[in-house]
Amino acid sequence: MNSFVEVISPGNRLTVQDLGRRGSQRFGVSVSGVLDLAAAVTANRLVGNPATSAMLEATFGGVSLSFNSETRVAVTGAEVNVDVNGFPMPIWETMILPAEAVLTLSIPSTGLYSYISVAGGIDTPIVLNSRSTHVASALGGHEGRILAAGDTLPIGEDIDGQSRPRAGTTAPQSVVPGSYDRERPVRVISAPQYDAFDDDAKSKFFATSFTISNLTDRQGARLDGASIPAIDGKHDIVSDPAFMGAIQVPSDGKPIVLLADRQPTGGYAKIASVIGPDLPNVVQRTPGSEIAFELVGIEEAQELARGFQKSIYKTPLVEPARISSSHLEVDGKTYNVQIVRPTTIEEEMVADGIIYADIRDHAEVAVTVEASHE
């Protein structure tokens with residue numbers, strides 16, 4: 001039986017994304033891909049996928065999904081309540097859902113973007129080396145569009161399920177999220193047209209708190225606040241490559257932080273560029289949030305980037321504490337049942353009997369195991 005996920009409710013906006021359509025900007029094609037790299041890579045690691053596997057990106061929650069077969073799932077990103085068949089479950093943690101389970105995400109309390117990864121990845125067609133959806137050009141994803149209720153998406157083959165993380169495995173604390181620290185300014189380096197702005201404009205840019213505009217989208221985070229004038233009003237430049245995190249300043253003087261669906265090239269002067277480790281701190285801010293910037297040197301930015309890459313790709317996941325392991329016979333078939341204590345769930349929830357059953361080689365029968373109250 002082919003595995004698939006069905007969209008019951010797409011929420012505000014639900015799309016298929018991976019790490020992006022790299023190498024095609026020279027053809028005028030947007031990179032697209034996930035906005036929050038740390039959350040997306042971690043979601044894939046929690047289900048045992050390669051970092052490049054496609055997943056679902058939900059904007060501001062409200063999503064409900066159904067799975068036709070037993071599926072290993074992880075939800076990361078925005079702070080959002082998750083339940084499976086009405087039972088609350090933690091995020092940033094490996095879950096194993098039985099066949100016909102319904103996964104529901106609420107509206108986030110903090111952040112905008114949630115990532116839902118399934119073992120095997122979302123197996124939509126590859127377009128220009130990526131499954132990412134770019135809605136404006138109708139490329140990738142599912143028919144090149146935002147997902148709608150009733151859509152079904154194929155799940156890739158789970159080649160080696162035995163090697164995948166067990167239920168209750170959690171993300172390392174280094175990625176759970178300092179990205180929502182509202183007090184710390186976002187760190188930037190100088191951009192190619194930094195000298196197109198005089199000292200007064202630079203001082204204003206770094207001394208000002210901006211506000212994330214309601215016009216913010218996947219193409220760019222638009223900032224309201226002080227106008228940052230270029231020298232002699234020369235905001236227009238000969239178009240050069242647009243890159244993730246570049247802060248361009250158009251003729252109205254209102255900065256825009258370029259994001260995943262940015263245009264391939266841009267013709268406005270760029271005053272600064274957000275460093276990779278701080279990009280989640282930008283993309284996960286809701287409209288109306290304040291944001292300020294701090295200039296750092298290249299060497300410091302490189303050191304921070306190395307630490308960031310190590311934390312999301314190399315830092316070991318946290319194995320769950322095993323409670324017990326046994327065999328269970330149902331209708332003449334024997335199943336290996338492992339009961340593990342979730343490492344991020346509240347103790348009172350454990351006392352209420354909410355635990356994980358990680359069932360190996362489980363074909364048709366859903367097994368429920370009660371927690372023992374000691």
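A search of the whole structure finds one cavity of 30 Å³ or more, a cavity being, on a 1 Å grid over the protein atoms alone, a set of points where a 1.4 Å probe fits but cannot get out. The structure is a predicted model, in which local features need pLDDT of at least 70 and side-chain atom pairs count only at pLDDT 80 or more, while totals for chains, interfaces and linings use all residues. Residues are numbered from 1 along each chain as its sequence is written, and side-chain values use heavy atoms, with hydrogens and water left out.

**The cavity**

- The largest cavity has a volume of about 40 Å³, where volume is the space filled by probe spheres set on grid points that are joined across faces, edges and corners.
- Its lining consists of Leu112, Tyr113, Ile212, Thr216, Asp217, Ala221, Leu259, Val282, Val283 and Arg285; lining residues have an atom within 4 Å of a point.
- E10 and H3 are the elements that give two or more residues to the lining of the largest cavity.

**The chain as a whole**

- Of the 374 residues in the chain, 53% are buried, which is to say under 20% relative accessible area, as against over 50% for exposed and in between for partly exposed (1.4 Å probe, protein chains only).
- Among contacts (heavy atoms within 4.5 Å) between residues at least 6 apart in sequence, 74% join residues at least 24 apart.

**The five-stranded sheet and strand E3**

- Five strands form an open sheet in the order E2-E3-E10-E5-E8, with antiparallel pairing; two strands pair if DSSP finds at least two bridges between them.
- E2 and strand E8 (95-97) are the edge strands, each pairing on one side only.
- From one strand to the next, the twist averages 30°; the axes are lines fitted to C-alpha atoms, for helices over the stretch in contact, and angles run from 0 to 180 degrees between N-to-C directions.
- Strand E3 (residues 55-59) is largely enclosed by the rest of the structure, because five of its five residues are buried.
- In a regular strand the side chains alternate between the two faces of the sheet.
- Both faces of E3 are covered, with Met55, Glu57 and Thr59 buried on one side and Leu56 and Ala58 buried on the other.
- Strand E2 (residues 13-17) pairs with E3 in the antiparallel sense over five bridges; Gln17 stands opposite Met55, and Leu14 has Ala58 as its bridge partner.
- E3 also pairs with strand E10 (residues 110-118), in the antiparallel sense over four bridges, and Leu56 is partnered there by Ile116.

**Helix H1**

- Helix H1 (residues 37-46) lies across E3, strand E5 (71-79) and E10, and runs at about 160° to E5.
- Nine of the ten residues of H1 are buried, so the helix is largely enclosed by the rest of the structure.
- The buried residues of H1 pack against E3, E5, E10, helix H3 (279-283) and helix H4 (298-313); among them are Val41 and Leu46.
- Asp36 caps the N-terminal end of H1, with a side-chain oxygen 3.3 Å from the backbone nitrogen of Ala38.
- Gly48, whose phi is positive and near 85°, follows H1.

- A second open sheet, of six strands, has the order E7-E6-E9-E4-E1-E11, with antiparallel pairing.
- Strand E7 (87-89) and E11 stand at the edges with a single partner strand each, so one side of each is left without a neighbour in the sheet.
- Neighbouring strands of this sheet are turned by 25° against each other on average, direction ignored.
- Strand E1 (residues 4-10) and E11 pair in the antiparallel sense over three bridges, with Phe4 opposite Pro154 in E11.
- Ile155 lies in the loop between strand E11 (152-154) and strand E12 (186-190), and this residue is buried, with a relative accessible area of 11%.
- Leaving aside neighbours within four places in sequence, Ile155 is in contact with residues including Ser3, Phe4, Val5, Phe67 and Val118.
- The C-alpha atoms of Ile155 and Thr124 are separated by 8.2 Å, and the two residues are 31 apart along the chain.

Terms used. Polar contact = N/O pair within 3.5 Å; in protein donor to acceptor, adjacent residues only side chain to side chain. 1 Å grid on protein atoms, 1.4 Å probe; cavity = no way out; pocket = protein on both sides within 12 Å on 5 of 7 lines; lining within 4 Å.
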